[in-house]
Amino acid sequence: MNKGRGPGRGPAFAKPKEKTSVVLLKMWRYLAQYQWIIVAAALMSVLGNMLGLLSPKLSGAAIDAIENQAGVQFPTVYKYVLLMILLALFTSLTSWSLSAIMIRLSRNVVNKMRKDLFDHMTALPISFFDQYQTGDVISILSYDVDTVGATLSTDLTQILSSLITVVGSFIMMMSIAPSMLLIFLVTIPCSIGVTRWRARIVRPLFSKRSRMLGAMNGYAEEAVSGLKTIRAYHQEDEFNERFRTHNDNAVQATWHADHTAAVTGPTVNLINNLSLAAVSIFGALLYMAGGITLGNVSSFVLYSRKFSGPINEFANILSEIQSSLAAAERVLVLLSLDPEPADALDAQSLPACKGHVAFRDVSFGYTKDTTVLHDINFTAEPGKVIAIVGETGCGKTTLINLLMRFYDVSSGAILLDGVDIRRLKRDELRSQFTMVLQDTWLFDGTVMENIAYGRDGITREEVERAAKAAHIHDMILSLPQGYDTQVTGSGSSISKGQKQLLTIARAMLIDSSMLILDEATSNVDTQTERKIQEAMLQLMRGRTCFVIAHRLSTITGADCILVMDKGRIVERGTHEELLARKGMYYELYHAQFDKPKDAA
């Protein structure tokens, strides 16, 4: 259920397929910054392949030396053989060096691409994470980027070498027997036609494969994060069945793409083998007619193999290229998503924030067709505690999201110290708030590092003072290494309530003008919750506080309680005033404590 927090999750990165040239042009910007490395690799590839093209010529010359009418010229044969060995060694060394350069280039590009993706992801608006699955985004960061990198390190080198080999072999065959090239006027167009035809079929299949893998990863991430709940409700079989469906879809999409792509290589190979047979027959006829030497026939056959070999290889790696293009397309789609709008050119700073907040006729909807907040009006004076209550989905958290500018209002305005927050710099606006959410978050590190996360240069004494105020100090001392104990992001070594206390201690260290508690103590017992509320209110005295709470007993001392229903403020006042009215707050309060209505 969405609970009014966002528009809900949609399909993963659905976007029309772009032309190959457009994708390659966009990806070039990652290669352009390494153009000197690319130039060096190209020169090395040209040198290595051109020298490699001399071997068939030397082989033909050696055969002619053996067949010489004056007798076998062994010194000449040995010379050609020695030259062929030296060329093979030099070509191998060049090939190894080229591979090392391209692997290094691929590593740098992948590193830059993944960094850009992560930086861009952190700059995206919160609405992005309401729509797309985390697992699908991770799939792009890992699988898709690695797929692009693999093409750069291997396939790009192979394509470059193949191109040089094809052109060089054609020139050498032209110099040996131009008439025999007539065979390729038939076979080459056939090979190119088959390759292009299969490419148009295969690429959409690899795009579908990437989507299915992303969907499977997204579902797996969702299931793993909710494993305790799945087991608590005995839904393992149901979730296993759903995962099998996602897995089957991914397997079928992968099989269909790979199977369809695999047909291309053997088909083109068949055409090229037929051309090789035709070359051998035609060469033999010319030799018997005295139009060509046996050595030249041998050289032409070898060059024809070099000529057709790269075409075969290109057809065989076509599936990898199409897979890489599909992966690159998903990377580019993520990079093309608009980041959070930039601050206005005349955006103002907040040199000294008093904490006066005013909502003026604020309405908001996550989509144009739906409005979740209607005409919200209230004022929070500096240093006052504003509590927001209401049934699930009434818009409480949405109101906080607007205050933090995770979203901007559809109409009306939110004023901070008399200034529309849309005219303030986002970073400075958000730095005025400290947030403690119901969903706790810890990272892999020590307890000390997790508490001190929000501030630089924090001391051990300050951390311990905050932990004591959050009633977590004694628990920390009971851990094996105390404040130096390692905790994981999942917080498996400590309870959920203790995780929440750690995040509250973290919030206590941040010197801000305003505090937001979004059901921040829902995972602790009532007695500890009251102590924490007292400690935090004492700590935040003189600062504006916004408290969202389901346990109404914890906000009875608030300066003002806003009661929300279906996106509207239906009641406001102190705890005593609202109980005296016997309206919605009265109903919520007594329903929560299961008291008779006349017990007030």
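1. Strand pairing. In this predicted model, strand 3 (residues 385–390) and strand 11 pair in the parallel sense over five bridges. Two strands count as paired if DSSP finds at least two bridges between them. Strands are DSSP E runs of at least two residues, helices are H or I runs of at least four, and both are numbered from the N terminus. Ala387 stands opposite Ile561 of strand 11.

2. The hairpin. Strand 11 also pairs with strand 12 (residues 568–573), here in the antiparallel sense, again over five bridges. Met564 has Ile569 in strand 12 as its bridge partner. Two residues lie between the strands of this hairpin. Lys566, in the turn, has a positive phi of about 55°.

3. Cover on strand 11. Strand 11 spans residues 560–565, and five of its six residues are buried. Buried means under 20% relative accessible area, exposed means over 50%, and partly exposed lies in between (1.4 Å probe, protein chains only). Ile561 touches Ala387, Val389, Ile555, Glu571, Arg572, Gly573, Thr574, His575, Leu578 and Tyr585, leaving aside residues up to four places away in sequence. Contact here means heavy atoms within 4.5 Å.

4. Gly390. This residue is found in strand 3. Gly390 counts as buried because its relative accessibility is 10%. Beyond residues up to four places away in sequence, Gly390 touches Lys396, His550, Met564 and Leu588.

5. Nonpolar cores. The largest one has 44 residues. Those with the most contacts inside this core are Ile451, Ile472, Ile476, Ile555, Ile561 and Tyr585. Helix 18 (residues 496–508) supplies the largest share, six residues. Another core, of 35 residues, lies apart from it and includes Leu350, Val362, Leu416 and Phe433. A nonpolar core is a set of buried Ala, Val, Leu, Ile, Met, Phe, Trp, Tyr and Cys residues joined through side-chain atoms within 4.5 Å. In soluble globular proteins, nonpolar side chains tend to be buried together.

6. Arg244 pairs with Glu241, and their closest N and O atoms are 2.8 Å apart. Both sit in helix 9 (residues 236–262), three residues apart, so about one helical turn separates them. Arg244 is partly exposed, at 42% relative accessible area. Glu241 is partly exposed, at 41%. In a further pair, the side chains of Arg460 and Glu464 meet at 3.4 Å, N to O. These two are four residues apart in helix 16 (residues 460–469), so they too are about one helical turn apart. Arg460 is partly exposed at 33% relative accessibility, and Glu464 is partly exposed at 24%.

7. A salt bridge across the sequence. Glu340 and Arg430 meet in a salt bridge at 2.7 Å, N to O. Glu340 lies in the loop between helix 12 (318–336) and strand 1 (357–364), and Arg430 lies in helix 14 (residues 426–431), so the pair ties together parts that are 90 residues apart in sequence. Glu340 and Arg430 also belong to a network of salt bridges that links them with Arg405, Asp408 and Arg426.

8. A surface patch. Val81, Leu82, Leu83, Ile85, Leu86 and Leu89 form a nonpolar patch on the surface. Together they have about 540 Å² of accessible area. Patches use residues with over 30% relative accessible area and no salt bridge, joining like charges within 9 Å and nonpolar side chains (Val, Leu, Ile, Met, Phe, Trp, Tyr) within 5 Å. Areas come from the Shrake-Rupley method with a 1.4 Å probe, and for residues only the protein chains shown count as cover. Val81 is found in helix 4 (residues 74–123). Val81 counts as partly exposed because its relative accessibility is 37%.

9. The whole chain. The chain has 21 helices and 12 strands. Of its 600 residues, 46% count as buried. Among contacts with a separation of 6 or more, residues 24 or more positions apart account for 77%. The accessible surface comes to about 30,500 Å², and 59% of it belongs to carbon and sulfur atoms.

10. Basis. Local features need pLDDT of at least 70, side-chain atom pairs count only at pLDDT 80 or more, and totals for chains, interfaces and linings use all residues. Residues are numbered from 1 along each chain as its sequence is written, and side-chain values use heavy atoms, with hydrogens and water left out.

Conventions. Salt bridge = Lys/Arg side-chain N within 4 Å of Asp/Glu carboxyl O.
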